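Work through the two exercises below with the sequence and the coordinates open, and try each task before reading its solution.

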Amino acid sequence: WYAGLPLSVRKCFCGVGNPFSLGLPATGERVLDVGCGCGVDTLVAAALVGPSGQAAGVEGSPFMAAKARRNAGAAALGNALFVQGEAENLPHADASFDLLMVASWFT
């Protein structure tokens, strides 16, 4: 999954788990990644759901949210959206996603 991302994006990857271990998002689904960091897993999800779906990342750090937006531009994935926000007060409407990915440090 990561091989399709630009090298500059892959260099940001520091994952310690597999957010897709319970299953992959399907084409057309909407995925929310809470605590997305620099957005690598969100970008993988965006590629998996394809142009008819969307992957959104929420990140508390303004620096990391900006990095995730730059990574989305480098990966040329127009269906990936990144916003700065908090897990306790998500900047999205309830029930607007099909799948939730949560950073392991939340659990």
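Two strands count as paired if DSSP finds at least two bridges between them. The model used here is a predicted one.

**Exercise 1.** Determine in which sense strands S1, S2 and S3 pair, and how the chain crosses between them.

*Solution.* Begin with strand S1 (residues 30–34), which pairs with S2 in the parallel sense over five bridges; within this pairing, Val 34 has Val 58 of S2 as its bridge partner. Next, take the other pairing of S2, in which S2 and S3 run in the parallel sense over five bridges, and in which Glu 59 has Gln 84 of S3 as its bridge partner. Then follow the chain from S2 through H3 to S3, a β-α-β crossover that is right-handed. The unit made by S1, H2 and S2 is likewise a right-handed β-α-β unit. Finally, check the covering of S2 (residues 54–59), where five of the six residues are buried.

**Exercise 2.** Describe the largest nonpolar core and identify which element supplies its largest share.

*Solution.* Start from the size of this core, which is 21 residues, with Leu 5, Leu 43, Leu 77, Ala 80 and Phe 82 having the most contacts inside it. Helix H2 (40–49), helix H3 (62–75) and strand S3 (80–84) each contribute at least two residues, and the largest share, six residues, comes from H2. Now consider Phe 82, whose contacts beyond four places in sequence include Leu 43, Ala 65, Ala 68 and Ala 72. A second core of five residues is separate, and among its members are Leu 32, Val 34, Ala 56 and Val 58.

Notes:
Residues numbered from 1 in each chain as written. Predicted model: local features only at pLDDT ≥ 70, side-chain atom pairs only at ≥ 80, totals over all residues. Heavy atoms only, no water. Core = buried A, V, L, I, M, F, W, Y, C linked by side-chain atoms within 4.5 Å. Buried < 20%, exposed > 50% of the residue type's maximum accessible area, 1.4 Å probe, protein only. Helix = DSSP H or I, 4+ residues; strand = E, 2+ residues; numbered from the N terminus. Contact = heavy atoms within 4.5 Å. Right-handed = clockwise from strand over helix to strand, strands pointing away.
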